[in-house]
Amino acid sequence: MRVLLVVGLIALFVLCVWLMYRGWQNRAARQEARIGELPHVPGDLGAQVLEPTTGLYLGSTIAPSWQDRIVVGDLGFRATAELTRFERGILLERDGATVIWIPQESITAVRTERGHAGKVMTEDGVLVIRWKLPTGTEIDTGFRGDDKTVYPAWARAMTGDDEG
């Protein structure tokens with residue numbers, strides 16, 4: 001009897017894992033047309049506007065929902081990263097994942113939030129960049145910097161106000 005119970009629990013566990021995996025695949029299929037192809041990194045990034053800042057890429061979500069994580073490609077995976085602001089956009093270099101290029105003309109807002117992509121922090125603990133993909137879908141990309149004192153400079157760089 002005990003063996004049957006253990007086998008039943010293992011089978012139930014495997015079924016749950018398989019259903020979660022299928023759910024992730026179905027979500028990616030539903031999002032694929034809305035996300036499309038990400039912008040490519042141009043050869044000329046322009047002058048560097050802000051020093052690189054290190055931290056953790058938290059993921060990208062479909063705006064305005066801070067919990068609707070994008071699972072297409074590797075956009076849904078957290079990774080250590082370096083964020084750099086250039087004249088022509090923002091470069092997000094992630095360890096073990098593809099580079100994300102956010103063109104300047106696509107950026108609609110840079111702000112701080114308490115949470116992003118299911119990760120809740122202290123007040124203003126996450127830097128969030130809202131931008132439009134070539135498909136027209138607006139997404140939020142979340143970054144938790146190692147040094148949060150740089151967040152105001154990132155918000156000022158969005159408005160063009162370099163004083164500070």
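How much accessible surface does the protein chain have, and what share belongs to carbon and sulfur atoms? I get about 9400 Å² for the protein chain, with 57% of that on carbon and sulfur atoms (Shrake-Rupley method, 1.4 Å probe).

A note on the source: this is a predicted model, where local features need pLDDT of at least 70, side-chain atom pairs count only at pLDDT 80 or more, and totals for chains, interfaces and linings use all residues. Residues are numbered from 1 along each chain as its sequence is written, and side-chain values use heavy atoms, leaving out hydrogens and water.

Next I checked burial: 38% of the 164 residues in the protein chain are buried (under 20% relative accessible area, 1.4 Å probe, protein chains only).

I then listed the secondary structure and found two helices and nine strands (DSSP runs: H or I of at least four residues for helices, E of at least two for strands, numbered from the N terminus). From the N terminus, the order is α-β-β-β-β-β-β-β-β-β-α.

On to the sheet. I traced an open sheet of seven strands, β4-β3-β2-β1-β9-β8-β5, with antiparallel pairing (a pair needs at least two DSSP bridges). Its edges are β4 (100-103) and β5 (107-113), each pairing on one side only.

Seven bridges tie β1 to the antiparallel β2 (residues 79-86), where Gly55 faces Ala81 and Tyr57 faces Ala79. Seven bridges also join β1 to β9 (residues 138-145), again antiparallel, and there Ile62 stands opposite Ile139.

Key:
Buried < 20%, exposed > 50% of the residue type's maximum accessible area, 1.4 Å probe, protein only.
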